[in-house]
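Welcome! Take a moment to look over the sequence and the 3D view before reading on.

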Amino acid sequence: MAFWKFTALRLGLVAVFFAACVWLGLGLVLSAIVGAVLAWCVTYLFFREMRDEAARTVQQRFHGNNPRTTNRVERDDAGAEDSLLDAHPDVQINSDRRPRDEK
């Protein structure tokens with residue numbers, strides 16, 4: 001959640017600075033560049049705790065020790081494989097292996 005709050009803050013600042021630069025007549029491209037740079041500077045200087053918490057959440061999400069998350073399709077596939085194995089115990093399922101090259 002901290003990542004999304006920090007992202008929303010930074011995007012909001014980009015929009016504010018972009019609108020101010022367009023109002024000053026800098027042009028669209030230069031306004032976008034200046035808005036992005038100023039938003040980065042403001043969040044870097046004044047929102048350190050929020051930035052660090054967002055970085056911690058991203059690090060925890062992608063750290064190797066976390067259990068792998070599965071989506072609904074993967075769970076359904078695993079359930080289908082398990083039910084097939086329960087009905088026919090002699091069937092081998094190798095869906096997680098790469099197929100051998102046929103020569």
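In which helix do D52 and R48 both lie, and how many residues apart are they?

## A pair in helix 3

Both residues belong to helix 3, which covers residues 48–62. D52 and R48 are 4 residues apart, and that is about one turn of the helix. Please keep in mind that this is a predicted model. In it, the two side chains form a salt bridge, and their closest N and O atoms are 3.6 Å apart.

How open are these two partners to the outside? R48 counts as exposed because its relative accessibility is 54%, above the 50% cut-off. D52 has 28% relative accessibility, so it counts as partly exposed.

## Two further salt bridges

A search of the whole structure finds 3 salt bridges. Another one also sits in helix 3, where R56 and E53 are 3 residues apart, again about one turn of the helix. Their side chains meet with an N to O distance of 3.1 Å. R56 is partly exposed at 40% relative accessibility, and E53 is partly exposed too, with a relative accessible area of 34%.

Now move along to helix 4, which spans residues 72–87. Here R72 forms a salt bridge with D76, with 3.6 Å between the closest N and O atoms. These residues are 4 apart in the helix, about one turn. R72 is exposed, with a relative accessible area of 57%, whereas D76 is partly exposed at 45%.

## A nonpolar patch on the surface

Next, look for a group of nonpolar residues on the surface: V22, W23, L24, L26, L28, V29, L30, I33 and V37. Together they have about 960 Å² of accessible area.

Which helices supply at least two residues each to this patch? They are helix 1 (2–24) and helix 2 (28–46). Helix 2 gives the largest share, with 5 residues. One of the patch members, L24, is found in helix 1. L24 counts as exposed because its relative accessibility is 60%, and exposed means over 50%.

An unreviewed UniProt entry carries the annotation "transmembrane region" for residues 29–47. In the model, that span is 95% helix and 0% strand.

Conventions: Residues numbered from 1 in each chain as written. Predicted model: local features only at pLDDT ≥ 70, side-chain atom pairs only at ≥ 80, totals over all residues. Heavy atoms only, no water. UniProt positions renumbered as here; feature names shortened; annotations may be inferred. Patch = residues over 30% accessible without salt bridge, like charges linked within 9 Å, V, L, I, M, F, W, Y side chains within 5 Å. Areas by Shrake-Rupley, 256 points an atom, 1.4 Å probe, with all protein chains shown as cover. Salt bridge = Lys/Arg side-chain N within 4 Å of Asp/Glu carboxyl O. Buried < 20%, exposed > 50% of the residue type's maximum accessible area, 1.4 Å probe, protein only.
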